[in-house]
Amino acid sequence: MGILVTALVLLMAGAADAATGAATMPAISIQVGEAGSASSPGLALQMVLLLTVLSLAPALFVIVTSFTRIVIVLAFLRQALGTQQTPPNQVLVGLAMFLTFFIMGPVWDRIHQDALAPYLAQTLSHDAALTAAAKPLREFMLTQTREKDLALFVRIAKIEPPKNPDDLPIRIVIPAYIIGELRTAFTIGFLISIPFLIVDMVVSSILMSMGMMLLPPVLVSIPFKLVLFVLADGWHLIVASLVGSFVR
């Protein structure tokens, strides 16, 4: 799992340089001849590993970056506004992706500088590049993860508690990071929902007092919630809070 995560990060970190031509990608050639030694991995094994990494890329992008927290908070915001499918899912996912690129930019820059660039320059071996690429990503996840969550999975895995966080296996860090992100996202979503819930309650009480039983309170409260959100510059506050929750 750790190899797949770090290999994916190496691919993602080098995507920009590959597009601009800043880095020269290694050529791939297929030759027909006698097989090498039994200990060296064959081309077929390397292709299987590459296809495996590419097939897991969407899931890894979601679970080891800031994407999970951002997209859940945006979904809570849309639900609190009561606007059904506005903004549409494509807009929310696109905004979450670009915010993720912005937040994870320093991490990917470190991965490119410490792992990808030396590996492409053939000054760093494959194993050393994976180790160097895993370090910034591990530090990012540990920064956002509570010790309580790490201790939970250490206890479940029945391993000795490490003296240094860097000694934690990646199979412990990733699930602890995920449940921490879910907890933080639900906390932010709860705080976002409170003012809009108050607007719904006020509108519902006014309609009840006026005897307008058949008029849906949600339908009447949507314009007031939109006005409140716009006057408070809601998108600016939400994005600033989300980015600020990662930048420490």
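Which residue forms a salt bridge with arginine 69? In this predicted model, the partner is glutamate 181.

**View 1. Salt bridge between glutamate 181 and arginine 69.** The closest N and O atoms of the two residues are 2.5 Å apart. The pair links distant parts of the chain, with glutamate 181 in helix 8 and arginine 69 in helix 4 (residues 67–81), 112 residues apart. Both residues are buried. A search of the whole structure finds four salt bridges.

View 2. With a relative accessible area of 18%, serine 245 is buried. A polar atom of its side chain lies 2.5 Å from the backbone oxygen of leucine 242. When neighbours within four places in sequence are left aside, serine 245 is in contact with Arg69 and Gln144.

**View 3. Salt bridge between lysine 225 and aspartate 200.** The two side chains meet at 3.3 Å, N to O. Because lysine 225 lies in helix 9 and aspartate 200 in helix 8, the pair ties together parts that are 25 residues apart in sequence. Lysine 225 is buried, at 2% relative accessible area, whereas aspartate 200 is partly exposed, at 21%.

**View 4. Salt bridge between arginine 146 and aspartate 149.** An N to O distance of 3.1 Å is found between these side chains. Arginine 146 is partly exposed, with a relative accessible area of 31%, while aspartate 149 is buried, at 5%.

**View 5. Nonpolar surface patch.** Residues including Phe190, Ile198, Ile206 and Met210 make a nonpolar patch of about 760 Å². Methionine 210 is placed in the loop between helix 8 (170–209) and helix 9 (217–231), and is exposed, with a relative accessible area of 54%.

Notes:
Residues are numbered from 1 along each chain as its sequence is written. This is a predicted model: local features need pLDDT of at least 70, side-chain atom pairs count only at pLDDT 80 or more; totals for chains, interfaces and linings use all residues. Side-chain values use heavy atoms; hydrogens and water are left out. Patches are made of residues with over 30% relative accessible area and no salt bridge: like charges are joined within 9 Å, nonpolar side chains (Val, Leu, Ile, Met, Phe, Trp, Tyr) within 5 Å. Accessible areas come from the Shrake-Rupley method with a 1.4 Å probe; for residues, only the protein chains shown count as cover. Helices (H or I, at least four residues) and strands (E, at least two) are DSSP runs, numbered from the N terminus. Buried means under 20% relative accessible area, exposed over 50%, partly exposed in between (1.4 Å probe, protein chains only). A polar contact is a pair of N or O atoms within 3.5 Å; within protein, one must be able to donate a hydrogen and the other to accept it, and residues adjacent in sequence count only if both atoms are side-chain atoms. Contact means heavy atoms within 4.5 Å.
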